[in-house]
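Here is a quick tour of one structure, taken sheet first, then cores, then rings. Have a look at the model before reading on.

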Amino acid sequence: MTTPRYDAETAQQPLADVMREIAHLPPDEILNRLRQDQRERWRRGERVLAESYLKLLSDRQMLSYRSLELVYCEYLLREELGEKPDLAEYAQRFPEYAMSLQRQLRVRHLVRGNRVTPPPPPPKSASEVDTLPMSHATHLQEARASEERLHQPVSSLRLGRSTIQVPRLQNLVQEEVRKLRDSLADLLERNAFEEAREVVERILKLEPADSDALEAKQYLDEVAPAKKRAVTMEAAAAPKIETAEQKQSPPAAAFAAEPEATEEITCRTYDAKHVILSAVFIPKTKYILSGGADQSVRIWDLKTGETTQTLQSSGIAVKGVAVSSDGKYVLATGKSIRLWEVGSETSREIRRFTAFTGEMTCVAFSHDEQFVLAGTRGKTLHVWDFETAKELKQLSNKHRAPVVAIAMHPSLRRLISCGADHTFLVWGYESRSNYRRFEVYPDEALCAAWDAFTDTAIVGLSNGKIGIFHVERAEQIGTLEGHQGPVTALAISRDGQLLASGGADATIRLWDLAKKKQTVCLTGHNGPITSLAISGHKTNMLSCSQDKTFRVWKLPKTESKSGALDSILR
C-alpha cells in the first residue's frame, strides 16, 4: 500500500479520515503523522486537544510513551502561541501521564537552559593558557586530567605557565561546568545516554549541588533506560519483509537461561513456622506483610524476625495481600476483602469489601489507590470504591475457571488476570467490554507482571517458561526459559529493568529484561516458591516458599538510595 504524503490539505480532513489513511503504518510512523497533523491544525487556529487524538488511538492500545508525546506536543504548541500552560491542568486532564510529563519538561528545561548563548569571555592575557578546548572528546580528557588540580586546597594553582588565583579558579570551574552542560544538552537530545551519564558525573564532581545535573541524573536513572528499551523492543518487533525461509521460523524468540557473572547476592532466612502464600514489603519501613496457609495475616519485623502484629483470622487460607504506597493501609483476601489501617503497635479493621461469587483468591490496589480489585474462585473480577466499599463493577463470564492471580498496571487503569482455564486476560477495568484474551493452551497462566514501558504482559506458565506478550498486537513475542517446573511467582522492579521469577523447582531466577537474559539463579529454599516481591529502590527482594521460610535477598549493583532494610542485611 502506498504511504500517503502529509501536506496542508491533509490537515483539512476530519481526524477520523486522517487516521483511516495512516492506519496501516507502523505505530511510530502513525505517531509522527499525528504530531504533524496536530501541529498544522494548531498553527492555523484549530485547537484540537490531545484527547481527540488519544480517543482515536484507544482501540490500538498505543504505548504510554507514544500517547505522552501527543500530550507533550500540545503543551509545546501552546507555549509557541505565547501561552503559559499550567502543569496542574495537565495533571488533572491526564493523571496517568502527570509524573512522566513533569520529568520530560524538567529535562527540556535543562536542555533549553543550556542553549542560552553565554556572554563572551573577558580577553585573556598572552601568558594565560586556554584550558577549555571546544572539542567534546578533548574536553572530557582535559576535564579528567585537570580535576585533581581544580580541587587542590591552596590559595593559588600553577596551571601550565601561569599562576591562577582562587577567584580565577572559581570562574574556571564555572566555565568548565557550563561547557559540560552544553555537551550534556546535546547528548540528551540525541538519546546518547551512556555518554550523558559520564558528563553528569563530571559536573557533579565539580559542582555536587548542581540542580540541572541532579535532574539529569534522575532522568538517566529512572526514565531513559526504560524508554530506550521500549523503543528497541518495538523496533525489533516491527513488521518486516520476510523471505519464504524466514517465515518458517517460530514467531516467538526463546531466550536461553545463560547466567552472567554477577556480584555475590546475600540473604537472611526467617523461620515462619507456616507456609506464607503471599507477602509484600511495607514501604519505607523494615516490615513485611504476609498472608498464610494458617489463615493469618501478619506483620513481621525483619530486624528481629518476629511477628509484631497478627491481624484477625479470615477463616480460610490467605492467598493474597496488598499494601498502599504510603504503607498506611493493607488488604487481605478471605471470604471477603478486609482493609486495615496499620499503626506502629496495633492495627484496626476499617471496612470490608464483599461479593457473593466465592472465595477471594487475589487482591490489589489500583495504581491511583482509588479502587480495590480482587479475583475469585467464582471466575469473576470485582472492582470497589476504596472510600465507600461500594462495588462499582463485576467483570464476569470472561474466565471459565477460577481467577488465580492479578497484576495491576503501574500507571493506567488496566490489569492482567490469570485464570485456571488456560487463558489470561488484559482488562481496562473501567469498561466490561474493554479486554483482550490470550490463550496459552495446553498450559496454565499462574502469575503475571506488567512491563509498562514496553506495553508487554509477562506471564509465568505451568510448562516452566515465562511468556512475553505484546498487548497491542495480542501476540506472544518472546519466551524466557530456565525453570524445571511451573513458574509460580513473578516480580518486576519499578523501572522495568529487573524481573524475578520463582518456580516449583525451588529456584529464583533474575532476568535482565533489556537483554532478555538470565543473570543469576538463586537456590536455598527447599520447596516451591509461593511469593516474590522487589523493594521500591530495587535494593532487596523478598521470597517465600512452601518450606515454611521466607528470605530477604540483598540485590547487587543498585543505583537507588539504600532503604531501611540495608542495615539489617549487612
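## The sheet

E25 pairs with strand E26 (residues 498–503) in the antiparallel sense, over 5 bridges. Two strands count as paired if DSSP finds at least two bridges between them, and the elements are DSSP runs numbered from the N terminus: helices (H or I) of at least four residues, strands (E) of at least two. Across that pairing, Ile492 stands opposite Leu499 in E26.

Zooming out, the open sheet has 4 strands in the order E25-E26-E27-E28, with antiparallel pairing. At its edges are strand E25 (487–492) and strand E28 (517–522), each pairing on one side only. From one strand to the next, the twist averages 20°.

## About the model

This is a predicted model, where local features need pLDDT of at least 70 and side-chain atom pairs count only at pLDDT 80 or more, while totals for chains, interfaces and linings use all residues. Residues are numbered from 1 along each chain as its sequence is written, and side-chain values use heavy atoms, leaving out hydrogens and water.

## Two cores

The largest nonpolar core holds 21 residues, and Leu34, Val71, Phe94 and Leu101 have the most contacts inside it. Such a core is a set of buried Ala, Val, Leu, Ile, Met, Phe, Trp, Tyr and Cys residues joined through side-chain atoms within 4.5 Å; buried means under 20% relative accessible area, exposed over 50% and partly exposed in between, with a 1.4 Å probe and protein chains only.

Helices H1 (15–22), H2 (27–43), H3 (50–57), H4 (64–80) and H6 (98–115) each give two or more residues to this core. H4 supplies the largest share, 5 residues. A second, separate core of 17 residues includes Leu188, Ala196, Ala213 and Tyr219.

## Rings and charges

The whole structure has 10 aromatic pairs. Rings of Phe, Tyr and Trp (its six-membered ring) pair if their centres lie within 6.5 Å; planes under 30 degrees apart are stacked, over 60 edge-to-face, and the rest tilted. Trp300 and Phe550 have ring centres 5.1 Å apart and planes at 65°, so they are edge-to-face. Trp300 is in strand E7 (residues 297–301) and Phe550 in strand E31 (residues 549–554), so the pair ties together parts 250 residues apart in sequence. Both Trp300 and Phe550 are buried.

Elsewhere, ring pairs link Tyr75, Tyr90 and Phe94 into a cluster. Arg93 lies over the face of Tyr90, 5.0 Å from the ring centre; a charge sits over a ring if NZ of Lys or CZ of Arg is within 6 Å of the ring centre and within 35 degrees of the ring normal.

How values were computed
Axes are lines fitted to C-alpha atoms, for helices over the stretch in contact, and angles run from 0 to 180 degrees between N-to-C directions.
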